[in-house]
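Trainee: I am new to this structure. Could you take me through it by question and answer?

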Amino acid sequence: MTGTALYDVPGPRTRGRHRLYGVVATLVILAVLAWAVYLLIDTGQFSARKWTPFEYQGIQELLLRGLGNTLKAFAIAAVLALALGAVLAAGRLSWHRPVRWLATLLVEFFRAMPVLVMIFFIYVALRAEPLTALVVGLTLYNGSVLAEVFRTGVHAVERGQHEAAYALGMRKTQVMTHVLVPQAVRSMLPTIISQLVVALKDTSLGFLITYEEFLHAGRLIASNLDYDLPFIPVVLVISPIYIGMCMLLSWFAHWIGRRQRRNPKVEGEVGAAEPGNLMPGNPPL
Amino acid sequence: MDVLTHNWSLYGKGLLGTVELTVFASLLALGLGVIMAGFRVAPVGSLRAFGTVWVTVLRNTPLTLLFFAVLLGLPRFGLVLPFDVFAILALGCYTSAFICEAVRSGINTVPVGQGEAARSLGMTFAQTLGTVVLPQAFRTVIPPVGSTLIALAKNSAIAGSFSVVELLGTYKTLNELGYSIIWSFIWIAVGYLIVTLTISALFNVLEKRWGVAR
């Protein structure tokens, strides 16, 4: 616990001082919040006219359809990215040099490119459907990152494990599938889920290529003059749902990580995964 | 090939826009991130809570949503700034959450004895953190901060869709001018590679100079 290493256990006077700082800091934060709320009220963001559209069934269905499309893109991209990650990781761990080179080249290239450039390329240059462009872009990027995650996981399994497996006369494929991969996946599970959070967040890029996802639905409502352009209400409705979904998934990753640290079966602590903060040298997000 | 040579100034402007976004947003992110990391280890409870909320919320916000809310939302409160300033704000705040986590885990790698020694010399929290712990943490956080800033450079592409001049946005003009789309994208990709490889080289130098193997 750094907290205790950075400052002494406070005495009565320091405690008083800290309480004063605490009160002042709280007041400042509350003042900023109050100012934000004042601005909201002052610019009429809570007027009934801006909020009534959310009572209409059509609008609710529009939002739900958008949310459904977001989740659909996420689900397809997640499954494909996991598959691509497995293939690329197998390629990078291959004993055949050309295969290894090819896999390395692909992984490095797709990780170095902004996802949005890939999505736009597929959408504009290859004239794909928005959903296809979004899913393929997300798959290529997250698949490459996941390949590195898998590879790190396999390398992190203790040496004795694969030596023992070879000593038993297993073939390379058997060693991989029966010994290394199960252990690797188990220890990397938090990191894998954190990467899926990144994929979920990035589905919002579909908004930029007019894929009809959650944000797109929000924009349709926000730009409607009949409801007095309810932009801020839309943001206030959409962001908690979006952020909540991502938080839930992050929290799940964190929970699995915590559970594993207590589990003696899991070998090789590979660093608790924080969303987007993978291994050094690995561009997050 | 001639897509590049004919549109030298367009690409130049786009690249410059991306570099500017990256540099200014990086400075904002680094500043805010270190302050937030300080908050997160501070002895004052409300500051710690504020830092935690800041990091948790921003890390789980899709960047497009943040751009959407900041660039199209803030003007409705009468806060009208140029779009690139808004873009720098959004990118900087978003990335600051990741910088904060990198710095905080860097602080955790500094041996406990360092903080204890500083305290036994009678240093205050600010002195311990500022003169003893952070300088040492700085050396271990070079690689993660480097990859976070590379991610920032890549994320700056989103700004192009919100009418900020940057590299990815150049494809629209080129497309209208009738140039080959595939080649214009190849040069855009090269532009991004130049930016990210420069950052990565810079941080490699920093790490050789300052990094420490613990």
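This is a predicted model: local features need pLDDT of at least 70, side-chain atom pairs count only at pLDDT 80 or more; totals for chains, interfaces and linings use all residues.

Mentor: Residues are numbered from 1 along each chain as its sequence is written, and chains are lettered from A and ligands numbered from 1 in the order in which they are written.

Trainee: How many helices and strands does chain B have?

Mentor: Helices (H or I, at least four residues) and strands (E, at least two) are DSSP runs, numbered from the N terminus. Along the sequence, chain B reads α-α-α-α-α-α-α-α-α-α-α. The C-alpha atoms of chain B fill a box of roughly 70 × 45 × 25 Å along the principal axes. The count for chain B is 11 helices and 0 strands.

Trainee: What percentage of the residues in chain B is buried?

Mentor: A residue is buried if 20 or more other C-beta atoms lie within 10 Å of its own, exposed if 12 or fewer, and partly exposed in between, with C-beta atoms placed from the backbone. Chain B has 214 residues, and the buried share of them is 50%.

Trainee: Among contacts in chain B between residues at least 6 apart in sequence, what percentage joins residues at least 24 apart?

Mentor: Two residues are in contact if their C-beta atoms, placed from the backbone, lie within 7 Å. Of the contacts in chain B between residues at least 6 apart in sequence, the share joining residues at least 24 apart is 77%.

Trainee: Are helices α9 and α11 of chain A roughly parallel or roughly antiparallel?

Mentor: Axes are lines fitted to C-alpha atoms, for helices over the stretch in contact, and angles run from 0 to 180 degrees between N-to-C directions. The axes of α9(A) (residues 172–202) and α11(A) (residues 231–261) come within 8 Å and cross at roughly 175°. Angles under 35 degrees count as roughly parallel, over 145 as roughly antiparallel, 65 to 115 as roughly perpendicular and the rest as oblique. The two helices α9(A) and α11(A) are therefore roughly antiparallel.

Trainee: By class, which residues make the contact of α9(A) with α11(A)?

Mentor: The residues in this contact include A:L189, A:I193 and A:S194 of α9(A), and A:M245, A:L249 and A:S250 of α11(A). Ala, Val, Leu, Ile, Met, Phe, Trp, Tyr, Cys and Pro count as nonpolar, Asp, Glu, Lys and Arg as charged, and the others, Gly among them, as polar. By class, the contact of α9(A) with α11(A) has 12 nonpolar, 3 polar and 1 charged residues.

Trainee: How many residues does each chain give to the contact between chains A and B?

Mentor: The side of chain B that touches chain A divides into 34 nonpolar, 16 polar and 6 charged residues. In total, the contact takes 56 residues from chain B and 49 residues from chain A.

Trainee: Which residues of chain B does A:V117 touch?

Mentor: A nonpolar core is a set of buried Ala, Val, Leu, Ile, Met, Phe, Trp, Tyr and Cys residues joined through C-beta atoms within 7 Å. The largest one has 136 residues, and A:V117 is among those with the most contacts inside it. Leaving out residues up to four places away in sequence, A:V117 touches B:A157, B:L168, B:I188, B:A189 and B:Y192.

Trainee: Why do the buried residues of α10(B) line one face of the helix?

Mentor: In α10(B) (residues 170–177), B:T170, B:Y171 and B:L174 are buried. The arc is that of the directions from the helix axis to the C-beta atoms. Seen down the axis of α10(B), the buried residues line one face because they fall within an arc of 95°.

Trainee: Is B:S163 buried or exposed?

Mentor: B:S163 lies in the loop between α9 (157–160) and α10 of chain B. Its phi is near 45°, a positive value in a residue other than glycine. With 11 other C-beta atoms within 10 Å, B:S163 is exposed.
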